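Look at the model below before reading on. The text walks through two parts of it, one after the other.

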Amino acid sequence: MSQPKTESPPWVHALAPYVPGKPIEDLERELGITDIIKLASNENPHGPSPKAIEAMAAAARGVSIYPDPGAFKLKAALAEKLGVPVGRVLVSNGSNELITLLVRAFATPEQNVVASQYGFVAYKVVSGAAGVEFREVPALGLDADIDGIIAACDADTRIVFLANPNNPTGQYTARADVERLLAEVPEHVLVVLDEAYVEYVTADACPDGLTLLGQRDNLVLLRTFSKAYALAGCRVGYAVAPEYVVERVNRIREPFNVNLLGQAGARAAVADEGHLARCVSANTEVRAALYAGLDALGVEYWPSETNFVLMRSPSDAAAVNEALLRRGIIVRPMGAYGLGDCLRVTVGTAAQNDRFLAALRGVMEEGA
Ligand SMILES: *Cc1c(COP(=O)(O)O)cnc(C)c1O
């Protein structure tokens, strides 16, 4: 690395770069093997709606023109589907961008953001990048400690983030606890419920944030097209937020933050409810098969309301991860989350799931 001539702020020095799921191309290059499956980033293995693919192919002819900076048609489609006023919808370059925009729009380095231990890692990374104090509230087991989160808020708290269901644990905070959070966090604090996996939820006790909008003015719901809608490569996320939050975020966002192909693909995906429903029911089915397979191997795991499962590695997690990579299977080690003895595996297709379970069995039999 070259010597810096220009110094960054101390909080940039303190950041460790984010380690994403290993790309298939990297493993192909490293091992010289093909037929690799990636179960590391909670992508939807069934792919996007064919109508979304068609819409993007048609839109591709128009990419010499900047996209609609207000994403009028996409926001209208979302508002109609969600039953909220269009003035409460924000769209973004993946919901990760909205996490960044919310922190930048509302918090200074003198203020703080609160979230749970084992919560989604972006809250910490984004706060760190903005030099904002990040208060990580110790979890109860793997669950968010709602009373601890409420107690951690003070006059300088600007945002509480809660992913529900949560990544990487797959577990959820039940309705009564979310309602207590909304009622008891001080009014000046924006509560952000990150519902990246909401489409996959089957448990009745896990609330749909849309049913909570009446319970608190200062509430933002974050959602994404990256998971159940299978458009991760397009980078489209959205939020339902109070109008003043929409207005503040619009002041600082880049004018063309959602690209033209993403807008077209997401609009078509919203309209194809059948495809979404088929992906969700396939996920529920294969997730049950994954549980059964892990049970048969005697591997401990945590039941999940998402399209991934957190499991306790049968032996040293780094070694098991490496042994799975040699067999062409990419899962996600959890060291960055402080869960160094765990692996997170995305629910794939039935065939991918069979291959993962066979590989895991092989690793356990041969020793990692
Ligand atoms: C995947 C994920 C996101 C971000 O996804 P984008 O691709 O940026 O939309 C946000 N929150 C959680 C909890 C996630 O798992």
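What follows covers the surroundings of the ligand and then the packing of some helices.

The structure is a predicted model. Start with the ligand. The residues around the ligand are Gly94, Ser95, Asn96, Phe120, Asn167, Asp194, Ala196, Tyr197, Thr224, Ser226, Lys227 and Arg235. Sorted by class, this shell holds 3 nonpolar, 6 polar and 3 charged residues.

Asp194 uses its side chain, where a polar atom lies 2.6 Å from a nitrogen atom of the ligand. In Lys227, an N or O atom of the side chain is 3.0 Å from an oxygen atom of the ligand. The ligand taken alone exposes 390 Å², and the protein buries 93% of that.

Now turn to the helices. Two packed helices are described by the angle between their axes and the distance between the axes. Helix H13 spans residues 350-366, and helix H12 spans residues 317-326. Their axes come within 10 Å and cross at roughly 125°. Because of this angle, H12 is oblique to H13. The crossing of H12 and H13 is right-handed.

H13 also packs with helix H11, residues 273-297. How do these two helices lie, and at what angle do H11 and H13 pack? The angle is about 15°, with the axes of H11 and H13 10 Å apart. H11 and H13 are therefore roughly parallel to each other, and H11 passes H13 in a right-handed crossing.

How values were computed:
Residues numbered from 1 in each chain as written. Predicted model: local features only at pLDDT ≥ 70, side-chain atom pairs only at ≥ 80, totals over all residues. Heavy atoms only, no water. Near = heavy atom within 4 Å. Polar contact = N/O pair within 3.5 Å; in protein donor to acceptor, adjacent residues only side chain to side chain. Areas by Shrake-Rupley, 256 points an atom, 1.4 Å probe, with all protein chains shown as cover. Nonpolar A, V, L, I, M, F, W, Y, C, P; charged D, E, K, R; others polar. Axes fitted to C-alpha atoms, helices over the stretch in contact; angles between N-to-C directions. Helix = DSSP H or I, 4+ residues; strand = E, 2+ residues; numbered from the N terminus. Parallel < 35°, antiparallel > 145°, perpendicular 65-115°, else oblique. Left-handed = near helix turned anticlockwise from the far one by under 90°.
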